Amino acid sequence: MEKRKYTVRQPAPRQSQADMVFGIQSVLETLRSGKEIERLFIQRELGLSEIEKPAKELGVPYQRVPIEKLNRITRKNHQGVIAFVSPIQYMPLHNVLTQVFEDGKIPLLLLLDRVTDVRNFGAIARTAECAGVQGLIVPTKGGAQINADAMKTSSGALNFLPVCREPNLYETLLYLRNSGLQIVACTEKSDKSLYDIDFTIPTVIIMGSEEDGISKEFIHLADSGAKIPLNGQVDSLNVSVASSIVLYEAVRQRVK
């Protein structure tokens with residue numbers, strides 16, 4: 001298989017105290033620096049519009065939380081705001097897709113709908129990179145945090161696999177459909193077997209959350225559902241395992 005032309009990221013260090021920024025001025029400077037912020041917590045009782053405004057403008061996800069949560073993270077003088085700097089640089093989906101088409105390749109993207117377990121996320125990223133997935137799409141809010149555990153579980157894959165963080169997954173799927181990709185929702189609720197899906201055409205695969213699978217609106221939007229045959233007594237698979245099965249069916253079909 002050909003090597004992809006994406007810029008190789010340098011291996012990221014384990015997330016530590018150095019990756020956490022707290023205090024109004026320090027967080028403001030971090031926002032202005034252009035660094036990727038994975039999570040931003042703002043004390044619920046405080047206004048801190050000077051933090052919220054640039055965060056909104058930059059599309060940085062933030063949560064208003066009680067001071068007790070901030071104090072559990074650090075007992076230092078956080079001034080009501082704590083940010084975690086991401087160990088990776090997110091990439092614009094449009095750029096990733098454009099590069100795939102320019103390289104003359106058939107898009108194979110993976111979209112994770114509310115996969116929140118960090119180790120599941122890391123394992124999925126590892127499989128996706130090995131399978132030649134050209135982009136991993138995650139929600140701005142409601143997904144696993146990319147931290148040291150995720151980096152470790154991915155075995156370095158997150159240093160190479162483009163990750164796209166999107167504020168609205170429904171609109172993202174519409175964009176991908178309009179760009180010529182079929183949408184395949186992997187769910188046990190489908191009547192169609194995984195092995196009846198044509199993965200040789202441009203495709204985005206949706207994998208759902210550990211708790212309740214794929215959101216209904218995404219299932220309705222999908223061009224096809226895909227069910228992994230299960231012959232035992234247990235009626236579901238871990239999302240990481242299921243992702244591996246689906247991705248390598250796509251690899252099997254695409255290998256020449």
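Strand 2 runs parallel to strand 3 (residues 62-65), and four bridges join the pair. The model is predicted. In this pairing, L40 stands opposite Y62 of strand 3.

Strand 2, helix 2 (residues 49-58) and strand 3 together form a β-α-β unit, and the unit is right-handed.

Strand 2 has another partner. It pairs with strand 4 (residues 81-85) in the antiparallel sense, over five bridges. Here L40 stands opposite A83.

How many of the residues of strand 2 are buried? Seven of seven are, across residues 37-43, and the strand counts as mostly covered.

Now turn to the loops. R114 sits in the loop between strand 5 (108-112) and helix 5 (118-130). Its phi is positive, about 60°, although R114 is not a glycine. Is R114 buried or partly exposed? Its relative accessibility is 26%. Buried means under 20% and exposed means over 50%, so R114 counts as partly exposed.

The angle is about 55°, and S155 is not a glycine either. This residue lies in the loop between helix 6 (148-153) and strand 7 (163-166). S155 has a relative accessible area of 48%, so it is partly exposed.

Conventions: Residues are numbered from 1 along each chain as its sequence is written. This is a predicted model: local features need pLDDT of at least 70, side-chain atom pairs count only at pLDDT 80 or more; totals for chains, interfaces and linings use all residues. Side-chain values use heavy atoms; hydrogens and water are left out. Helices (H or I, at least four residues) and strands (E, at least two) are DSSP runs, numbered from the N terminus. Buried means under 20% relative accessible area, exposed over 50%, partly exposed in between (1.4 Å probe, protein chains only). Two strands pair if DSSP finds at least two bridges between them. A crossover is right-handed if, with the strands pointing away from the viewer, the path from the first strand over the helix to the second runs clockwise.
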